[in-house]
Amino acid sequence: MKNTSRFFCTLAALGLAAACTDSDSTGGSHAEGGTSNVGTGGASDVGTGGASDVGTGGTGDIGTGGASDVGTGGTGDIGTGGASDVGTGGAGEFGAGAPGHVGGGIATAGRAAAGAAGSSGVVSTGGSGGLDLASPVDIGYVAAPIIDRAPLLSGTTSEVVYSAVVPGYDLPLDVAEISNLSTDLSGSSLIGWTADAEAKLAAHGIVLLPGGVGLKRFDQAYARLKAADAPTLVTTDSTLHLYHLFFDQVLKSLEMNELIPVYETLLPAVVDRLRGLYAALDGDTAEAARRSTAALAVAAKLMFPDTFSVPPEAATEVNDVIELVNASQGFAPEPIFNHDCSEDLACSGHDLSDEDYEAGAACFCEDYSQYKPRGHYTEHPALERYFRGAMYLGRIGLRLKSPMETRMAAVLTSAMAATSVPFRGAELPAMTLWDRLRRVTSFFVGAPDDLTFIEYDQVLREVYGENFQLTALEAQTQLDTLRTRLRELRAPKIQSGIVQSYANLTEQTQGLRFLGQSFAFDSYALGQLVFDHVGPNVDHADYQYVVDYPDDVIINGNYCSKGAGYTGNFASCDGQSEADWAWLCCKALALASLEGRPELTDLCRLLPKGLDVAAAYGSSRAEEHLAPDHGYCGYADQLAGLQSETAAFTDEDHYSSLYTGWLHSLNPLFERNYTGFPSWMSADAYRDKALQTGLTSWAELRHDTILYVKQSYTSGVGGSATTGGNGPVAPEVNRYYVEPQPEVYSRLSDLTRLTQNGLSELEMLAEGLDGPIGRLEVLLDRLKSISIAELQHQVLEDADQNYIKGIGATFESIITSIGSATAIAPEPPSGPAVLVQAVEGDPYKTTVVADVHTDGNTQRVLEVGSGYIDWVAVVNLDPTGALVANIGPAFSYYEFPQPLSQRLNDDEWDAMLTGPEPPARPPFVAELYAE
């Protein structure tokens, strides 16, 4: 076993992380109890006597009497006798009494469930789905059905052709020349105009004004502008939010009407198949079947607590997991997978040796704070239950590093391939239903980051042959060959749990997940721009202080260690090794606790920033704001590598899922050439506003997909107003304007059409959804056309002016029709299924939040959120030569660290926004706002 001095435990001792203990757990929960009422007379496989493996009544493996596989009914699940595999008690497969060790060192909860006396088979079950095991279960491997692996989404970026030729004006502006300043801005009761707002408008041609508490729907914001007869500006913010509503409501409807029903049928059937394999197999392979039963039973019980019965042979572990899931507090050993690994080691980021794993031990720590329902999953009880169960299936992995977990994966793959499930009038293979789940989630958010049943089925048949008996999994040599072949397949790219710094991510985490969370490039980028991919900040004010602080005063071998490759070269980033980074970061964290100076933790980059995502996608403005972060050793190189990747993206990359298509729609806001655009768009102030818009939409994207996207983790380190005078009167025809970002509108339109086409191909396009999709496309295409006309400095047609003036009603119509087509019935049913009435809160609001990265070292997460709607005022030079101010609704963006055990849902975020100390706006946008 490796040295158990660990960085995470170090932080716990210093008060920076969860508490550690010195005691080792004894290898998982010893299941107790379960009554094995089996056949009464018969030839028992196990007799009554002593500590022998067989009975006393004969000389063979079979005792005296009839034909039953199981003898006369003892009540114990586990044998009593010394070191023998079978105890002395009753005549069940295991005798009555104390816990014995069976099949790899794990005490099992007896294989026999409640069965009729004298039955001729193995056992019958009253467990999950009423499976009849009156006949022995076939343990031959059945190849999985052929699954269509064609791309789930394909698209191209529509070309947008125009020449931007808007004449510019000089900054700063003479506000007296703004034709409608006094009537529409400083004299408006809609916004709180101030002297500072006027100064910023004069300086940049654009200013943001706080909208105050309460306004969180764009359709209502536009309605207020129309009621005030304000010169309306249609913003990219509002159209991006409209796509978020469409995406979120459609996904939510599919989860309720398609995905949950699949799980309701699929999980109990596969659990029953696994129970049959457990009864029919022996040794480690039987134990693998039992643990796989337990893992799927956790998900089934979380999703369907009132209808699913936990199998007795897995009850103790399943109940322990569910208790941890429901508490949702933080890191803890996973009861089904953690064996002979102490709590402090399991959740330290360190691990047991390979030899320990070969002997049947395993460390497995799970972040149970991830199971707190967030996103739209708080809006309905069924969605809350689905969130917890699907999160478990998406996060819990069967790792290749563990022989037992590899057997579990093989047995589970076999169970999936051999099970048929009645679903909506047809008998379907379980693997076909699983593929239905995979295709829907991959269409929305991308392919799983981890290996799937598809790869396991292929390699199993290559290694063992097309038709093999699962008993072959007992042989270690072939199992090692299986593990070697699977390791040659694609490796996970995102670390989503505790892993020791500089440990090999593939070796630590590669394996099978039932339906693993998806790879997302933005999540990958966040993980690549924190420790241990990035070192300490040599420009930090306390860098030298930490370097010079005597090591033996606060640090010893129990806390931090100078690992292999340590050089002690801290003069600059040049020549520093990864071991140097780990040592110095550990030392900084220890000092932060010792001296009560949390700012010392910033010496190492433990949490990323939202700007990292924009910068990774090529935003030079974001990189300017990130200039101080270039002091972190390796940061600039990591960022440059990510930028090279995104620069090489093709349409195949951009449209691999709706998620990637959404990110592609944001790219023009992150980086573009504004030559020929209105003067207010050419200044840095607008580039900051565009960053805010793009990052807020990204926050909504992460909110909508919080269940499915694999989250990155940091490695373990060991009113007064001025009027501006009476200027010229603004021509009525030029009072309405669209933020001219034609590529944004065009890409959103492309994405909307792809959404419709993909749902049709999946045969999951809800009845009535064609109408709102069509209206959304019309809106986006119209805004693109108007934007191009503006950039070509054309006078807008009356029809376009009127369209902008009535945009609020258009938004409301689209929102209402989406809600009607994706309605969710209340629980229990109590009338017409109307989404707005059936869910908790307002599903169309802007105030949403999502945690996007976890740092286990300081027990914090990075939260990103959209707040209340603000106002943006801009000054345009219209085709008549007049300066005209326009007003529109804008996003507000927030990001901040939050304790890991207090991940926020939308209601808590709302309360924080209206509380006494709401979070500050991020520095990159704060200067845009008027005081």
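Predicted model: local features only at pLDDT ≥ 70, side-chain atom pairs only at ≥ 80, totals over all residues.
Let me begin with Glu 258, which is buried at a relative accessible area of 14%, where buried means under 20% relative accessible area, exposed over 50%, and partly exposed in between, with a 1.4 Å probe and protein chains only. Glu 258 forms a salt bridge with Arg 436, and the closest N and O atoms are 2.8 Å apart; by salt bridge I mean a side-chain nitrogen of Lys or Arg within 4 Å of a carboxyl oxygen of Asp or Glu. Arg 436, at 25% relative accessibility, counts as partly exposed.

Residues are numbered from 1 along each chain as its sequence is written, and side-chain values use heavy atoms, with hydrogens and water left out.

Arg 275 lies in helix α5 and Glu 313 in the loop between α6 (283-303) and α7 (315-327), so the pair ties together parts that are 38 residues apart in sequence. Is this pair buried or exposed? Glu 313 is buried, with a relative accessible area of 2%, and Arg 275 counts as buried too, at 4% relative accessibility.

A further pair is Glu 405 with Arg 399, where the closest N and O atoms are 2.7 Å apart; Glu 405 is buried at a relative accessible area of 2%, and Arg 399 counts as buried at 9% relative accessibility. Salt bridges also link Arg 621, Glu 624, Asp 684, Arg 687 and Asp 688 in a network, and a search of the whole structure finds 50 salt bridges.

Now to the overall picture. The protein has 33 helices and 15 strands, taken as DSSP runs numbered from the N terminus, with helices being H or I of at least four residues and strands E of at least two. Of its 931 residues, 61% count as buried.

Next comes an open sheet of four strands, in the order β9-β11-β12-β15 and with mixed pairing; two strands pair if DSSP finds at least two bridges between them. At the edges stand β9 (712-714) and β15 (893-899), each with a single partner strand, so one side of each is left without a neighbour in the sheet. From one strand to the next the twist averages 30°, with axes fitted as lines to C-alpha atoms, for helices over the stretch in contact, and angles running from 0 to 180 degrees between N-to-C directions. Helix α26 (residues 684-704) packs on the sheet, touching β11, β12 (860-866) and β15, and its direction makes about 85° with that of β11.

As for the pairing itself, β9 and β11 (residues 848-855) run parallel and are joined by three bridges, with Thr 714 having Asp 855 as its bridge partner in β11. Seven bridges join β12 to β15, which run antiparallel, and Glu 863 stands opposite Phe 896 in β15. Of the seven residues of β15, five are buried.

I will end on Pro 678, in the loop between α24 (658-670) and α25 (679-682), which counts as buried at 2% relative accessibility. Leaving aside neighbours within four places in sequence, Pro 678 is in contact with Val 166, Tyr 737, Pro 740, Leu 791 and Asn 876. Pro 678 and Pro 167 are 511 residues apart in sequence, yet 7.1 Å apart in space, C-alpha to C-alpha.

Definitions and conventions:
Contact = heavy atoms within 4.5 Å.
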